[in-house]
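Hi everyone, thanks for making time today.

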Amino acid sequence: MRIFLLNGNKMDGTIYPLSEKEMKYISTVLRIREGTIFKAKDPWENLYDATLSSDTLILEKSTTQDNFLDTMPSYPDTGVAIHVFQCICKGKKNAQITRQLQEAGATGLNFISSKLVQQKQMDAHEIERLETIRNEAVQQSGAKICRLSFNVPFEEALKNAEGLKLLLHQDKRNKSRNLYDVLENNDDETISVLIGSEGGFTDEECQAAEDAGFIPVLLNTNILRAETAGIYVMGGIQSIRNR
């Protein structure tokens, strides 16, 4: 269900001034005309009925599910928060990862650095670009806002991971398990998934992750690219939890 995402820094009571870029998005992408009432939400997941008036939105808090821009079928909530710890990838792959995981409903996406990543840090320009892509994906899918973190050191990621911890690794390790077997009788409300970059993880990093409580998981498929592993495991987790 498409929805308009409000910038929390610009909100002023019931009046929301639109920037030129936001106005263009509303008119050309959402195709909203003046006087139309549609759904909007702020960064804290509060819903509003928004009315377009010239270059301004008039906001009224809402608890109903009407006035969405698309009517979509309702799917059961998996009841699990999925936090992805993704090693920084090259080029445009980070944008693809951000878009896919936001649309799939990831709760958090943390871009981390590890020994084999080629780009050790994201600069301010790339961070802003990924946040924009995330926001566009929110508006297209209607999913809850995925919290983004950038340039997280590998060791910090291991400490921050919560709940059931999964390490995606292309090679079989002594403690490797099948994803279905791990999730079959598990009812953790939070799942943390650790995914490498194009070069994967070193043996030392895999061991450190296991020592921190991560379970090495084999997906029983072909070796996946770094930019497709996250969306694949998201779908697997949600399918198993929804069965």
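**The sheet and its helices**

Let's begin with the open sheet: seven strands, paired in parallel, in the order S8-S7-S6-S11-S9-S12-S10. Strands here are DSSP runs of E with at least two residues, helices are runs of H or I with at least four, and both are numbered from the N terminus. Two strands pair if DSSP finds at least two bridges between them. At the edges sit strand S8 (147–153) and strand S10 (177–178), each of which pairs on one side only.

A word on what you are looking at: this is a predicted model, where local features need pLDDT of at least 70, side-chain atom pairs count only at pLDDT 80 or more, and totals for chains, interfaces and linings use all residues. Residues are numbered from 1 along each chain as its sequence is written, and side-chain values use heavy atoms, with hydrogens and water left out.

Now look inside the sheet. Strand S9 (residues 164–168) pairs with strand S11 (residues 190–195) in the parallel sense over four bridges. There, Leu166 stands opposite Val193 in S11.

Which strands does helix H7 (residues 226–242) touch? H7 packs on the sheet against strand S6 (81–87), S9 and S11, and its direction makes about 155 degrees with that of S11. Contact means heavy atoms within 4.5 Å. Axes are lines fitted to C-alpha atoms, for helices over the stretch in contact, with angles from 0 to 180 degrees between N-to-C directions.

**Two helices together**

H7 also has a helix partner: its axis and that of helix H2 (residues 93–104) come within 8 Å and cross at roughly 10 degrees. That makes H2 roughly parallel to H7, a label for angles under 35 degrees. Among the residues that meet are Ile97 and Leu101 in H2, and Ile231 and Met234 in H7.

**Two loop residues with positive phi**

Most residues other than glycine have a negative phi. Glu45 has a positive phi, near 70 degrees, and lies in the loop between strand S3 (37–41) and strand S4 (47–53). Ser54 also has a positive phi, near 60 degrees, and is found in the loop between S4 and strand S5 (56–61).

Note on methods: Angles under 35 degrees count as roughly parallel, over 145 as roughly antiparallel, 65 to 115 as roughly perpendicular and the rest as oblique.
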